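Hi,

Here is the structure I promised to pass on.

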Amino acid sequence: MASFQLLPDAISNLVHDGDTVALEGFTHLIPFAAGHEIIRQGRRNLTLIRMTPDLIYDQMIGSGCARKLVFSWGGNPGVGSLYRLRDAVENGWPNEIEIEEHSHAAMANAYAAGAAGMPSAFFRGYRGTELPEVNARIRFVDCPFTGEPLACVPAHRPDVAMIHAQRADRKGNVLIEGIVGVQKEAVLAARRSLVTVEEVVDDLAAGSPNSVVLPSWTVTAIAVAPEGARPSYAHGYYSRDNSFYVAWDGIAKERESFTRWMRENVLR
Amino acid sequence: MNYTATEMMTIAAARALKSDDVCFVGIGLPSAACNLARATHAPGVTLVYESGTIEAKPAVLPLSIGDGELCETALTTVSVPEMFRYWLQGGRISVGFLSGAQVDRFGNLNSTVIGPYGKPRVRLPGAGGATEIATSCGRIFMIMRHNARAMVEKLDFLTTLGHGPTGQERRKLGIATAGPVLLVTDLCIMEPERETNEMTVTALHPGTTRERVIENTGWRARFANEVRETEPPSPVELDALRELNARTARAHTGGNA
C-alpha cells in the first residue's frame, strides 16, 4: 500500500545519489514540486529519464543534479531552447552531461515495455534516421514471422518514477485525468514511485469506470503538494502559466540570472 | 489587401489540407496552418496532437503540444504510448505536418544539432515525434521559413527521413508511405520532382522572384517546367488567420492556456 509522506521525507527516502529517475507528465501535470525538492536536497549523479525534458529538467540540470539525460525532445515548448540543458551539453556547465537520445515513439514504447515487465520494446521506427549511429541502444531485429526489420530499444526500468496527479483517496489510490501521457507506464515500470497530488479526498469521484487510476498497491509513496505542477497545469484545478514559460527563456539564458532565480525561488 | 510573407505561408499551407484528412500536427507553424484550415475551407479536418488528443478543436493556438485547450476540445484523449502505437504506427493518420531547423533538397529534416553531434555548436530539441510521423503518416507536408541557413545543401544531422540523402533511400528501404509531398515557405511552394524526388519550385508567392528564391536556398534551387503564381490570400482567409492569432495572443498573455 502507498504510504503518505511529507514531500521532503519522500524524496529523502526514495531518491539516492546515482539513481535513475523519471519525472513524467507530458506538458500536463509536470511534477515541479518533486523536482524542486530533489534540487533542495542536493541529489547528484542522477540519470534523468523524461520524454520532454522541459523547465523542470532545465532547472535540475543547471543545479548539477544530473550525470546523464535520456530523452526525446528537449525544449521549452512553444518558446525555444532549454539554455541550461544546452549549456551542459555545449559547454559542460555546471558539469558534463551524457546524452542518450531517442524518438518519442521509442520512449513511449520503452516505458510500456517496462510496465509490461519486458526487457525491450519492438516497434516500427527509426527508419532512415542517423539516430542509431549516435545511440548504441537503438538496434534492429527481424520479425521472426515476416522478416520485417523492427526497431528495438531497452525497456525503461527507472529506480524511481515521479508523477503529479489530481488526487488520491485515503487508501492511496490515485486518479489521473486529462492528458495522461506516459505517467501510468512510468509508475508501473519503476522499482519505486512517488505521486504528488493536489489533494486527498474521501472519494476519488472518477469520471468514468475507465478513468486512469493507479491502485494504492502500485505506488510507494504519496505526498500532498497543492499546485505541485505549477507552472504547468492540472486539468480541473488550474491552467498552464504560459507567461512563465516565456519568462523562463530570459531567466535561463545566463548562468547568473538562472542561479539568482533558483536561489530566490527554489532554494530559499 | 496587404499581407505579410508569414501570412501567405500559413495560408498556402492551410490550403493543402482537406476536410477528410486526419492530420498529425506539429507545434508552431504547422499548428497555425492546420487550425486555419479548420476555420476556413476544411471544417471537418481531424487534428491529432502527439499528447494523445484526437479530434482537437482548439479556439486558440496551443503554445505547447499538450495545452489544456487541446484536451478540453478533443473527442477523446488517449495515452502517449497508445497514440504512437495504435494511431500513428497503426496507419490511421493521412497527413503529418512537420517543420525543422534544417531541410535539404530531398525533404530530410534536422532537429538535433548544428555542428558535430559530439560537440554541437547549437543543441536543438531533438526528434520528438517527427522520426516516426515521417514514415507512418500517409503523406508529409512541411512548412519552413525560407533562408539559406534553414534550407541547406547538407544537413548537420539527419533526424527525420524525407526521401533520403540522395532522394532514393526511402524507396530502397521499402517504406510504403509517400513522405514529403509539399514544402511551403514564405517565398514559394516546392514539390518533389518525379523520379529524383528533389524539391523543386512549383509556385512562387506573389511578388517573389526566382532570383530571391535562389539567393535564399542553400542548394541550387530548381524550378518546375511550369511555375504557377500562388493565389494571394483572400479576405476570408486573412480575417480568419488574424482572428485566430489575436485570440491566441490574448489567451497567452493573460496567463491562461
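Below is what I found in it, topic by topic.

One thing to keep in mind: this is a predicted model.

Let's start with a sheet in chain A. Three strands make up an open sheet there, in the order S6-S8-S7, with antiparallel pairing. Strand S6 (120-123) and strand S7 (139-142) of chain A sit at the edges, each pairing on one side only. On average, neighbouring strands of this sheet are turned by 35° against each other, ignoring direction. Arg139(A), for instance, has Cys152(A) in S8(A) as its bridge partner. There is a helix to go with this sheet, too: helix H5 (residues 104-115) of chain A lies across S6 and S8 of chain A, and runs at about 135° to S6(A).

Next, the place where the chains meet. Chain A puts 47 residues into the contact and chain B puts in 44. On the side of chain B that touches chain A, the elements giving two or more residues are helix H3 (68-73), helix H4 (80-89), helix H5 (130-136), helix H6 (169-172) and helix H8 (235-253) of chain B. H4(B) gives the largest share of that side, with four residues. By type, the residues of the side of chain B that touches chain A are 17 nonpolar, 21 polar and six charged.

Then there are some backbone details in the loops. The peptide bond from Trp93(A) to Pro94(A) is cis, with omega near 0°; Pro94(A) lies in the loop between helix H4 (83-91) and strand S5 (98-101) of chain A. Another cis bond runs from Arg230(A) to Pro231(A), with omega near 10°, and Pro231(A) is in the loop between strand S13 (221-224) and helix H8 (242-253) of chain A.

Leu29(A) has a phi near 55° and belongs to the loop between strand S2 (20-23) and helix H2 (32-40) of chain A. So is Leu29(A) buried or exposed? Buried, because 29 other C-beta atoms lie within 10 Å, and the cut-off for buried is 20 or more. For Asn197(B), phi is about 65°, and the residue lies in the loop between strand S12 (188-192) and strand S13 (199-204) of chain B. Asn197(B) counts as buried as well, because it has 22 C-beta neighbours inside 10 Å.

Cheers

Technical notes
Residues numbered from 1 in each chain as written. Chains lettered and ligands numbered in written order. Predicted model: local features only at pLDDT ≥ 70, side-chain atom pairs only at ≥ 80, totals over all residues. Pairing = 2+ DSSP bridges. Axes fitted to C-alpha atoms, helices over the stretch in contact; angles between N-to-C directions. Contact = placed C-beta atoms within 7 Å. Nonpolar A, V, L, I, M, F, W, Y, C, P; charged D, E, K, R; others polar. Buried ≥ 20, exposed ≤ 12 C-beta atoms within 10 Å, placed from the backbone.
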